[in-house]
Amino acid sequence: MTESEAATFVNRFEAAWTGRNIAAFISLWHAEGQLRSPIYDRVIHGSEIGALNELLNAAAPHLTWRLLDWTWRGDTVVIEWENSNRYGEQTLTWRGVDKLTLKAAQILEEIVYVDTVPLHAMREGKRFDPLVRMPK
C-alpha cells in the first residue's frame with residue numbers, strides 16, 4: 001500500500017467515526033474481518049460491524065472520536081485516537097491505538113489497544129489511584 005492509499009483509508013476511517021455513519025463503517029470492513037478489543041466480550045466479525053455500530057450509537061449517543069495521529073507500513077495502518085463521552089454530568093476522555101491489517105483496502109483485522117480502567121472506574125463510581133507514585 002502506498003502512502004496515498006493509506007491516507008485515503010485513514011480519511012475514510014476518520015469520516016466514519018466522526019460522522020458515526022454505519023454504512024461508511026461497513027464499507028471499511030472485509031467480509032472475513034475480525035475486531036479484537038478489550039471493550040467487547042468477544043471477537044466481533046466484519047459481518048457484525050453494522051450491528052455493533054447500532055449498539056454503540058444507542059448506548060453512547062454523546063460519544064466523540066478524534067484522530068490524533070497515524071502511520072503505516074505495508075498493509076498495516078496504526079491510528080492513534082481520542083474518545084470522549086458524557087455520562088450524566090461527567091465527561092470522560094480516553095485514548096487508544098488501533099492496529100489495522102488491510103486486504104484490498106478493507107479491514108481484515110483490527111486490534112484495539114486501550115486502557116479500560118477509567119471506564120470501569122466511572123461505571124463503578126470509584127477512583128483508581130496510580131499504581132506507582134513518584135516522589136516529589
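**Close-up 1. Helix α3 gives the most to the lining of the largest pocket, with six residues.** This is a predicted model, so local features need pLDDT of at least 70 and side-chain atom pairs count only at pLDDT 80 or more, while totals for chains, interfaces and linings use all residues. Residues are numbered from 1 along each chain as its sequence is written, and side-chain values use heavy atoms, with hydrogens and water left out. Helices (H or I, at least four residues) and strands (E, at least two) are DSSP runs, numbered from the N terminus.

Rolling a probe the size of a water molecule over the atoms shows where empty space is left. Here, a pocket is an open set of points on a 1 Å grid over the protein atoms alone, where a 1.4 Å probe fits and protein lies on both sides within 12 Å along at least five of seven lines. The largest one has a volume of about 830 Å³, counted as the space filled by probe spheres set on the points, which are joined across faces, edges and corners.

**Close-up 2. Now for the residues around that pocket.**

**Close-up 3. R66, E82 and R95 are linked in a network of salt bridges.** A salt bridge is a side-chain nitrogen of Lys or Arg within 4 Å of a carboxyl oxygen of Asp or Glu. E82 pairs up with R66, their closest N and O atoms being 2.9 Å apart. E82 lies in strand β4 and R66 in strand β3 (residues 64–73), so this pair ties together parts that are 16 residues apart in sequence. E82 also meets R95 in a salt bridge (2.9 Å, N to O), and that pair links E82 in β4 with R95 in strand β5, 13 residues apart.

R66 is partly exposed at 43%, and R95 is partly exposed at 48%.

**Close-up 4. R36 and E109 form a salt bridge between distant parts of the chain.** Their closest N and O atoms are 3.0 Å apart. R36 sits in strand β1 and E109 in strand β6, 73 residues apart. With 33% relative accessible area, R36 is partly exposed; E109, at 25%, is partly exposed too. A search of the whole structure finds four salt bridges.

**Close-up 5. Here we look at A7 in helix α1 (residues 3–19).** A7 counts as partly exposed because its relative accessibility is 22%. The C-alpha atoms of A7 and T71 are separated by 8.9 Å, although these residues are 64 apart along the chain.

Terms used
Buried means under 20% relative accessible area, exposed over 50%, partly exposed in between (1.4 Å probe, protein chains only). On a 1 Å grid over the protein atoms alone, a cavity is a set of points where a 1.4 Å probe fits but cannot get out, and a pocket is an open set with protein on both sides within 12 Å along at least five of seven lines; lining residues have an atom within 4 Å of a point.
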